[in-house]
Amino acid sequence: MWITTPMINGRLQRKMVRSHTSYKFNCDMPPRAWKANVMEMSSAKSAYFISKQEGQPASSNMASSPKRQTRSNLIKQQALKIKLETDANESVEEKVKVKKARKKVIVSVEENVSKDEPIRPENWETVLKNIQIMRAKKDAPVDLMGAEQCADAESSQEVKRFQVLVSLMLSSQTKDQVTFAAMEKLRKHGLTVENVLNTDEEVIAKLIHPVGFWKKKASYIKKTAAILAEHYYSDIPDTVEELCKLPGVGQKMAVLTVNIGWDKTVGIGVDTHVHRIANRLGWTRRPTKTPENTQKELEDWLPRSLWNEVNVLLVGFGQQHCTPVKPHCGTCLNKDLCPFGKSHVNR
Ligand code: SF4
């Protein structure tokens with residue numbers, strides 16, 4: 001236990017009151033012993049010795065002329081010595097305390113969270129529910145013109161799958177409305193693997209214009225059709241790995257193609273909307289730079305049963321509410337739960 005400025009006699013008390021903010025004395029030492037200790041130090045020579053021993057810079061007066069050491073300086077020297085010793089002891093004790101506390105926290109976390117149980121973002125269910133409410137009308141472009149809507153419902157399963165793949169290839173860097181219009185033209189022309197093989201690349205390019213990178217995408221579609229005819233009996237592969245080997249097919253496209261085309265949940269399709277919103281909501285442990293990293297972060301904690309739904313939900317939410325520029329945070333149901341919204345609304 002520590003107190004400031006114990007009283008020894010009138011004179012010492014006055015001295016110490018002036019410096020009580022700087023010095024502390026060990027209360028464990030009985031006042032008599034303390035006084036005796038201070039008096040013992042009244043020799044300027046021994047004060048100088050202590051100062052050197054502690055590695056403290058001795059004052060020039062002290063160094064050159066120990067006889068001029070005053071009683072108040074002696075008290076200060078003694079106080080400093082005691083403080084240094086105690087601070088050193090305190091820091092060791094503190095370290096032990098912190099170590100013990102940390103151990104306790106780790107044990108309690110391990111006890112409460114099973115190893116299979118992922119740590120999920122706070123309030124994520126409420127946030128998701130709010131997004132579902134805001135998206136209840138299902139009238140975003142992705143709902144009306146997304147990849148699922150681009151395929152011909154009357155076609156065979158193989159043809160539908162091929163059309164889902166082509167629509168996703170067209171959709172990168174392109175608005176849903178533009179992709180949908182291009183898909184309508186392609187379907188009218190006949191969008192099957194065989195038809196594409198029999199159509200010139202220039203004709204395909206004209207049909208899909210003005211989707212982003214239309215010339216390159218026309219070439220990708222032609223090459224893909226050739227690979228599918230040669231290796232997959234004019235169907236599409238059912239794994240992300242194999243799909244990613246096709247020209248112009250990336251991770252997000254492959255995941256969505258398997259999810260939609262094969263009706264298998266193999267991952268979360270993360271596009272620019274999902275990537276942005278997940279970061280704004282704090283659904284990643286730390287800010288992510290790429291959609292691939294966001295996908296991994298989300299798949300770590302989001303229940304698998306929601307993987308398919310969350311893509312369309314967040315894409316539409318990003319198209320209508322949580323837009324890249326000027327998101328509608330003021331009217332968002334999550335404005336008090338979303339870290340980005342809280343700072344954005346209060347600005
Ligand atoms: S509060 Fe703003 S940033 Fe957060 S989810 Fe809503 S619209 Fe997006």
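1. Basis. The model is predicted, with local features requiring pLDDT of at least 70 and side-chain atom pairs counted only at pLDDT 80 or more, while totals for chains, interfaces and linings use all residues. Numbering starts from 1 along each chain as its sequence is written.

2. Overall make-up. The chain has 19 helices and two strands (DSSP runs, H or I of at least four residues for helices and E of at least two for strands, numbered from the N terminus). Of its 347 residues, 29% are buried (20 or more other C-beta atoms within 10 Å of the residue's own; 12 or fewer is exposed, in between is partly exposed; C-beta atoms are placed from the backbone). Contacts are pairs whose C-beta atoms, placed from the backbone, lie within 7 Å. Among contacts between residues at least 6 apart in sequence, 60% join residues at least 24 apart.

3. Largest core. A nonpolar core is a set of buried Ala, Val, Leu, Ile, Met, Phe, Trp, Tyr and Cys residues joined through C-beta atoms within 7 Å. The largest has 38 residues, of which Val166, Met169, Ile208 and Ile221 touch the most other members. Helices α8 (147-150), α9 (157-171), α10, α11 (193-197), α12 (201-208), α13 (214-231) and α15 (251-261) each supply at least two of its residues. The largest share, eight residues, is from α9.

4. Second core. A separate core of 20 residues includes Ile131, Leu298, Val312 and Cys338.

5. Methionine 183 lies in α10 (residues 176-189) and counts as buried because it has 25 C-beta neighbours inside 10 Å. Beyond four places in sequence, methionine 183 contacts Cys150, Ser167 and Leu170. Isoleucine 208 is 25 residues from methionine 183 in sequence, with 7.3 Å between their C-alpha atoms. With residues up to four places away left out, isoleucine 208 touches Leu170, Ala182, Leu186, Trp214, Lys217 and Ala218.

6. Ligand shell. The ligand is surrounded by 14 residues, the closest being Cys322, Cys329, Cys332, Cys338 and Gly341 (a residue is near a molecule if its C-beta atom, placed from the backbone, lies within 6 Å of it). The elements giving two or more residues to this shell are α16 (272-281) and α19 (339-345); α19 gives the most, with three. By class, the shell holds seven nonpolar, five polar and two charged residues (Ala, Val, Leu, Ile, Met, Phe, Trp, Tyr, Cys and Pro are nonpolar; Asp, Glu, Lys and Arg charged; the others, Gly among them, polar).

Methods:
Contact = placed C-beta atoms within 7 Å.
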